[in-house]
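Subject: Structure for you to look at, with notes

Dear colleague,

I am passing on the structure we spoke about, and below it you will find my notes on what came out of going through it. Please read them with the coordinates open beside you.

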Amino acid sequence: IWAMVGYVVSLASIYLSANIIDALAGVFGGTRNFNMAMKVAVYAPTAFWLAAIFNVQPPIAFLSLMGLYSFYLLYTGLAALMKPPADKVLIYTIATVACIALLWIVLAGVPVLVLGTHRL
């Protein structure tokens with residue numbers, strides 16, 4: 001049950017992240033396009049997800065820092081697909097990271113609310 005709830009929450013987070021990216025595009029002078037925002041939302045965290053495999057073995061866990069490459073993927077994805085002015089790409093990226101981090105904090109509590117207990 002935990003895995004199913006976690007999977008649904010993961011899919012919801014991608015969809016909601018795409019909505020955030022799309023909404024912020026208008027604020028920062030980019031082109032609002034949900035399909036392009038979905039591409040950014042799906043591909044940007046890929047390095048983070050792949051790097052998380054290193055956490056399985058403590059001696060190589062430091063290699064999970066390679067997941068920080070996701071920030072670069074987000075930056076370049078926003079610039080290429082959402083097309084904000086060049087001088088606003090960095091602030092658009094920072095605002096997107098802040099909003100999505102807040103989203104993940106909220107969504108992290110969903111399994112607890114659905115299942116009633118926290119599993120460590």
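L107 touches V9, S13 and L16, once residues up to four places away in sequence are set aside. In this predicted model, L107 has its place in helix α5, and with a relative accessible area of 13% it is below the 20% limit, so L107 counts as buried.

At 7% relative accessibility T93 counts as buried, while T96 is buried with a relative accessible area of 0%. Leaving aside neighbours within four places in sequence, T93 is in contact with L74, Y75 and L78, whereas T96, with residues up to four places away not counted, touches I21, L24, L74 and L78.

Which residues touch the most other members of the largest nonpolar core? That core has 21 residues, and the ones in question are I21, L24, L78, M82 and Y92. The elements that give two or more residues to this core are α1, α2, α4 and α5, and its largest share, eight residues, comes from α1. As general background, nonpolar side chains in soluble globular proteins tend to be buried together.

Helix α2, at residues 34–43, has A37, V40 and A41 as buried residues. Seen down the axis of α2, these fall within an arc of 100°, so they line one face of the helix. The buried residues of α2 pack against α1, at residues 2–27, and against α4, at residues 69–82. The face of α2 turned away from that buried side carries N35 and Y43, both exposed. N35 also takes part in the start of the helix, for N33 caps the N-terminal end of α2 with a side-chain oxygen that lies 3.0 Å from the backbone nitrogen of N35.

On the aromatic side, the count comes to three aromatic pairs. For the rings of Y69 and Y72, the centres are 5.6 Å apart and the planes stand at 35°, so this pair is tilted; the reasoning rests on the angle lying between the limits of 30 degrees for stacked and 60 degrees for edge-to-face. Y69 and Y72 both lie in helix α4, three residues apart, which is about one turn of the helix. Are these two tyrosines buried, partly exposed or exposed? Y69, at 44% relative accessibility, counts as partly exposed, and Y72, at 47%, counts as partly exposed as well.

One backbone detail may be worth checking by eye. K83, although it is not a glycine, has a positive phi of about 50°. K83 lies in the loop between α4 and α5, and its 52% relative accessibility is over the 50% limit, so K83 counts as exposed.

Finally, some values for the chain as a whole. The chain holds six helices and zero strands, so that the pattern read along the sequence, by the helix assignment used here, is α-α-α-α-α-α. The C-alpha atoms fill a box of roughly 45 × 35 × 20 Å, taken along the principal axes. Of the 120 residues, 30% count as buried, and the chain exposes about 7700 Å², of which carbon and sulfur atoms supply 75%. Among the contacts with a separation of 6 or more, residues 24 or more positions apart account for 59%.

With best regards

Technical notes:
Residues are numbered from 1 along each chain as its sequence is written. This is a predicted model: local features need pLDDT of at least 70, side-chain atom pairs count only at pLDDT 80 or more; totals for chains, interfaces and linings use all residues. Side-chain values use heavy atoms; hydrogens and water are left out. Buried means under 20% relative accessible area, exposed over 50%, partly exposed in between (1.4 Å probe, protein chains only). Helices (H or I, at least four residues) and strands (E, at least two) are DSSP runs, numbered from the N terminus. The arc is that of the directions from the helix axis to the C-beta atoms. Contact means heavy atoms within 4.5 Å. A polar contact is a pair of N or O atoms within 3.5 Å; within protein, one must be able to donate a hydrogen and the other to accept it, and residues adjacent in sequence count only if both atoms are side-chain atoms. Rings of Phe, Tyr and Trp (its six-membered ring) pair if their centres lie within 6.5 Å; planes under 30 degrees apart count as stacked, over 60 as edge-to-face and the rest as tilted. Accessible areas come from the Shrake-Rupley method with a 1.4 Å probe; for residues, only the protein chains shown count as cover. A nonpolar core is a set of buried Ala, Val, Leu, Ile, Met, Phe, Trp, Tyr and Cys residues joined through side-chain atoms within 4.5 Å.
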